[in-house]
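Biologist: Please take a close look at one part of this model. Which way do its residues face, and what lies around it?

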Amino acid sequence: MNSSEMKGVVGKPLNRVDGHAKVTGTARYAAEFPVAKLVHGVTIQSTIASGKIAQIDTRAAERVPGVLLVMTHLNAPKVSGEAGGERKLPLLQDNQVRYSGQHLGVVVADTFEHAMQAAAMVNIRYDEAEPVLHLKDNLDKAYVPQGKIPRNEPPDSAHGSIEQGLAAAAVKVEQTYTTPIENHNPMEPHATTAVWQGDRLLLYNATQGVFGDKKKVAAVLGMPPENVRTMSYFVGGGFGCKGSTWAHVVLAAMAARQVNRPVKLVLGRIQMFGPVGFRPETMQQVSLGATRDGKLTALRHAGTSITSTFDEFIEPVAKTARMIYACPNIETSHRLVQLNVGTPTFMRAPGEASGSFALESAMDELAYALKIDPIELRLRNYAEADPDKNLPWSSKSLRECYQQGAARFGWQKRNPTPRSMRDGDTLIGWGMATATYPTNRSPASAIAQIKADGTAIVRSGSQDIGTGTYTVMTQIAADALGMPAEKIQFELGDTNLPETPVSGGSQTAASVGSAVQLAGVAARNKLLQLALADQASPLYGAAAEDVIAQNGSFLLKNKAATETYGAILSRHGLKTIEARADAKPGEEKEKYSMHSFGAQFAEVRVNLNSGEVRVSRWVGAFGVGRLLNAKTANSQLIGGIVYGIGMALMEHTVMDPNRGRVVNADLAEYHVPVNADVPNIDVIFVDEHDPHVNQIGVKGIGEIGITGTAAAIANAVYHATGQRVRDLPITLDKLLFT
Ligand code: MOS
């Protein structure tokens, strides 16, 4: 049959199919399910960063009206916080305090207010120990991680000899770059509603991975996974912090079982600085060596990041350095230092965002040292194949990104001399950086069902973390089924639906989209076979390849005959016909190196008197494969760049240096960009067709937008001021007093 999919609604700037539900408030988030007999849980968190609970007095709390339970390590059921999944969870199993903000108890009451009041009345006496809080003071304790960095790669890599490469260099840049702890701060806080039905557990959870939650919670509570069902229909942002199952999810389930009532547990904004992950502080050394004409002879990227005392998370800052530039001598490493902090986690482009700040700043420094234009320097070291894996790219449009981005930005008018552009008391600077993010994919399944009334339902577990999954899956399904998008209902967010991976690593569109496309085509073909074999059908006896599917009908190419899907089903007495597809990555992973690429261009205006930096103009050009929806894709890239503006200029989780308590744990003190901080962002999508990544040709767009962003700003600040800031965020004190 003639494949008409991908010619229809895919790629169009369709409005979000869930937009109406969201703006009218009918979209239900995890904390909004009106479960009968619901009661409210509030967690009590440690105020010290290291030590033991000497005494915990819950008597006053228990006397607060409406209080049903004060659960602490003294009365919590025994569970295994180390079982299953990727995070070790402190779950009230002992009196150890490992970081400030660790959950030490849960109060459950009839109302949220009673639970809050009682939580404040729990009196804890600590045996406080001296916390270990500073990366810089503990570099001697840095160790080689036990685990792997993403894509199952080892923490260290080496090609050639870095010493020989540096010895052969005419020009060298060797610098240290640092990035602070940052917190995700999604609009929707973490929230779990736990409902027991006998020995079965229902969880409404704010999550990026319903199946991960199901498996982790089942493992920790010692239950068969099939007895846990997780639902997540709408998520108000995740950015990585909702990609793992954290302690409060399990605590809500434990508390609900204790009180024999459904429990809703929402973390307040202030409670999210510690127990649900953060982007770890990093210290990165970059050494670049080059010939006079700008050919790299050595590239070393050595990263050290912080982790908790009880678990390991590696921020893979040096991963990009393995593949982004051609160089005979490349060495990368990752080290960890344990501090009394919560366990860090993925945060939008984990590794690539913080790592590209260091590497792309160093490339700018090298461009100045060589007096070569920064784009030209990158072009002279353009990697025509993946230098680490020695594999061809599945597709790479980075040259076009540099070209088209530079043209739109007006880069050729740039005078490279720092402080050469000025507008009264304002210094103006232009900077650029390379962006890149891997193309990921995991197994995913979907079921497509065509109904006799001319509509279809397509189902796949998954979750929409605000990116537009409902919308783009509706578009893929519509084209695969040969039906209009308005006739498709796409359902997700439930572990009772076919299994899908975590919405992390920018992989949902590629993974779930492939399954949805296969399921849609399979259901349509099943229906077509019915018609072709049916003497009562006007299509009887036709060859499948002569049939076009469109607008809910099959049509002979010569237009001699047509029949609607509904008519075929009705004649066969069928209400529905359905097909399931299980899609998974194949051998393309072994044959190609698969990445998205882009080029970021920033203009900044720096106030000469105050040091205030404003981003005044932005162009980002990206090669990300097929666009599923021009509007949501643009939004994803803009969102990533805005996240990067925050990283460059504002975001910094500040710990009390003595006690390890976050002192800016709210949105008044933890600054993220607001509208006034964001200029018009001009996103260019370079036309790119990748036949290898997956059958729908998409590369994933949730994370590449932030990569290179902080470096482009730092490079623009240098161009404006002549001051190189190697420590994020670039706040005005660093410009005035360095
Ligand atoms: Mo993203 S940090 O992979 O959720």
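Modeller: On one side of helix α3, E113 and A120 are exposed. Exposed means over 50% relative accessible area, buried under 20%, and partly exposed in between, with a 1.4 Å probe and protein chains only. This is a predicted model: local features need pLDDT of at least 70, side-chain atom pairs count only at pLDDT 80 or more, and totals for chains, interfaces and linings use all residues. Residues are numbered from 1 along each chain as its sequence is written, and side-chain values use heavy atoms, with hydrogens and water left out.

Helix α3 spans residues 112-120, and its A115, A118 and A119 are buried. Seen down the axis, these buried residues fall within an arc of 100°, so they line one face of α3. The arc is taken from the directions from the helix axis to the C-beta atoms. An α-helix has 3.6 residues a turn, so residues three or four places apart point the same way.

What covers that buried set? The cover includes β1 (39-45), α2 (59-62), β3 (67-72) and β5 (103-109). Contact here means heavy atoms within 4.5 Å. Helices (H or I, at least four residues) and strands (E, at least two) are DSSP runs, numbered from the N terminus.

Now the sheet. Three strands form an open sheet in the order β4-β2-β6, with antiparallel pairing. At its edges are β4 (96-97) and β6 (123-128), each pairing on one side only. Two strands pair if DSSP finds at least two bridges between them. Strand β2 (residues 51-57) pairs with β4 over two bridges, in the antiparallel sense. There, K52 stands opposite Q96 of β4.
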